[in-house]
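Please consider the structure shown below. The paragraphs that follow lead through its helices, its core and its charged pairs.

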Amino acid sequence: MKGPTDIADFQHWLLGQIPLLNHMGLGSFDYDGQQLVIPAALGPNVNDKGTGFGGSQATLATLCGWSLITLLLSEQGLDCDLVIADSQLKYLLPVDADFIARTQLPDSPAIDAFLDRLRSRGRARLDLAIEVCQGERVAMRMTGAYVALLR
């Protein structure tokens with residue numbers, strides 16, 4: 001993906017790429033170059049118990065990690081395919097109101113190693129920790145392994 005790095009343009013582009021996202025009640029993405037926060041309304045993501053559907057939380061967490069790395073790659077001028085290769089989810093608390101997914105880039109040495117490997121070998125893996133939160137409560141934690149492939 002080589003797309004926009006302005007967060008509003010990126011979100012607009014993303015909604016055009018993945019139709020499901022148009023039905024998840026997503027709010028405006030918040031991105032500062034290191035951290036990404038994606039809000040979602042409970043209503044479209046509710047389960048039969050009136051709480052946040054686990055599949056919606058998993059989707060939002062996966063999307064949050066994928067989007068953060070996609071923005072990084074785009075800012076670096078790298079045209080890549082990015083996939084999630086593995087994830088581990090831990091549901092900690094029920095979600096009963098609007099919620100967010102948030103993640104941040106690892107430290108600079110890890111990012112530098114990821115980018116160096118990608119440029120030299122054409123593929124590289126980056127692991128992220130993503131949290132789904134309702135207010136200050138962490139409701140779910142996901143660790144995801146994302147793999148970038150140079151086109």
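**Helix packing, core and salt bridges**

Helix 2 and helix 3 cross in a right-handed manner; a crossing is right-handed if the near helix is turned clockwise from the far one by less than a right angle, and left-handed if anticlockwise. The model is a predicted one, in which local features need pLDDT of at least 70 and side-chain atom pairs count only at pLDDT 80 or more, while totals for chains, interfaces and linings use all residues. Residues are numbered from 1 along each chain as its sequence is written, and side-chain values use heavy atoms, with hydrogens and water left out. Helices (H or I, at least four residues) and strands (E, at least two) are DSSP runs, numbered from the N terminus.

The axes of helix 2 and helix 3 come within 12 Å and cross at roughly 65°; these axes are lines fitted to C-alpha atoms, for helices over the stretch in contact, and the angles run from 0 to 180 degrees between N-to-C directions. Where the helices meet, Ile-69, Leu-72 and Leu-73 of helix 2 are in contact with Ile-111, Phe-114, Leu-115 and Leu-118 of helix 3, contact meaning heavy atoms within 4.5 Å. The residues of this contact comprise seven nonpolar, no polar and no charged. Here Ala, Val, Leu, Ile, Met, Phe, Trp, Tyr, Cys and Pro count as nonpolar, Asp, Glu, Lys and Arg as charged, and the others, Gly among them, as polar.

The largest nonpolar core has 43 residues, and those with the most contacts inside it are Leu-26, Leu-73 and Phe-114. Such a core is a set of buried Ala, Val, Leu, Ile, Met, Phe, Trp, Tyr and Cys residues joined through side-chain atoms within 4.5 Å; buried means under 20% relative accessible area, exposed over 50%, and partly exposed in between (1.4 Å probe, protein chains only). Among the elements that give two or more residues to this core are helix 1 (7-17), strand 2 and helix 3 (108-121). Helix 2 gives the most, with ten residues. Not counting residues up to four places away in sequence, Leu-73 touches Leu-78, Cys-80, Phe-114, Leu-115, Leu-118 and Ala-148.

How many salt bridges does a search of the whole structure find? The search finds six, a salt bridge being a side-chain nitrogen of Lys or Arg within 4 Å of a carboxyl oxygen of Asp or Glu. Side chains of opposite charge can pair when their charged atoms come close. Asp-79 lies in the loop between helix 2 (54-75) and strand 3 (80-91) and Arg-151 in the segment after strand 6 (137-150), so the pair ties together parts that are 72 residues apart in sequence. Asp-79 is partly exposed at 30% relative accessibility, whereas Arg-151 is exposed at 58%.

Glu-131 takes part in a salt bridge with Arg-102 (2.8 Å, N to O). This pair links strand 5 (residues 123-134), which holds Glu-131, with strand 4 (residues 99-104), which holds Arg-102, across 29 residues. Arg-141 also forms a salt bridge with Glu-131, with the closest N and O atoms 3.3 Å apart. Arg-141 is in strand 6 and Glu-131 in strand 5, ten residues apart. Salt bridges that share partners join Asp-79, Asp-81 and Arg-151 into one network.
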